[in-house]
Amino acid sequence: MRIQTDFAIRSARVTDVPIILQLIRDLASYERAPNDVTANEEQLVDVLFGKKPAAEVLLAFENETPVGFAVFFHNFSTWLGRPGLYLEDLFVKPEKRGKGYGHALLVDLAKIARDRGCGRMEWAVLNWNDPAIQFYRKLGAKPMEEWTVFRLTRDGIAELAKSESIAHKP
């Protein structure tokens, strides 16, 4: 694994939103869900660079051409009493893999986590994505086999939010 000298990683800027959206679409295609992306540029500007950013993005460039990204945000561990860094997406274009770019993005994320006092880094991997699973294992990451990820989609959130609670409101 060798990183070329024409490779750079930097934090995304608001002017990078079109690049971020294209990488999201590329990731969705790779993950066999190209029609599932509903995000748009205006929405990404708001959620990434608005008053209360929900996530941060690192962009990877080869010769000033975007080749990958990492989208992350902070979660919290009650047991550790510390923030964690949750990696929502890590993606390097398939034709650019094998050059160390994914590893370099993870190294930068580990430095961010260390510098921000995070107690851990976590992410999810699709069960069928064996190349990613093997890549993460080589880095020393361990699967959390005893945990199952649960998800409510937008409709499920709306349904739950309108249900009655036993809690009494003042």
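A residue counts as partly exposed when its relative accessible area falls between the buried range, under 20%, and the exposed range, over 50%. Arginine 116, at 38%, is therefore partly exposed. The model is predicted.

- β3 (residues 65–77) and β4 (residues 82–92) are antiparallel and share 10 bridges.
- Histidine 74 stands opposite leucine 85 in β4.

**Salt bridges**
- Arginine 116 pairs with glutamate 56, with the closest N and O atoms 2.7 Å apart.
- This pair links the loop between α3 (101–115) and β5 to strand β2 (residues 56–62), across 60 residues of chain.
- Glutamate 56 is partly exposed at 30% relative accessibility.
- Lysine 96 forms a salt bridge with glutamate 62, the closest N and O atoms being 2.6 Å apart.
- Lysine 96 sits in the loop between β4 and α3 and glutamate 62 in strand β2, so the pair ties together parts 34 residues apart in sequence.
- Lysine 162 and glutamate 159 meet at 3.4 Å, N to O; lysine 162 is exposed at 61%, whereas glutamate 159 is partly exposed at 48%.

**Surface patch**
- Val14, Val45 and Phe49 form a nonpolar surface patch with about 210 Å² of accessible area together.
- Valine 45 lies in helix α2 (residues 41–49) and is partly exposed at 34%.

Notes. Residues are numbered from 1 along each chain as its sequence is written. This is a predicted model: local features need pLDDT of at least 70, side-chain atom pairs count only at pLDDT 80 or more; totals for chains, interfaces and linings use all residues. Side-chain values use heavy atoms; hydrogens and water are left out. Patches are made of residues with over 30% relative accessible area and no salt bridge: like charges are joined within 9 Å, nonpolar side chains (Val, Leu, Ile, Met, Phe, Trp, Tyr) within 5 Å. Accessible areas come from the Shrake-Rupley method with a 1.4 Å probe; for residues, only the protein chains shown count as cover. A salt bridge is a side-chain nitrogen of Lys or Arg within 4 Å of a carboxyl oxygen of Asp or Glu. Helices (H or I, at least four residues) and strands (E, at least two) are DSSP runs, numbered from the N terminus. Buried means under 20% relative accessible area, exposed over 50%, partly exposed in between (1.4 Å probe, protein chains only). Two strands pair if DSSP finds at least two bridges between them.
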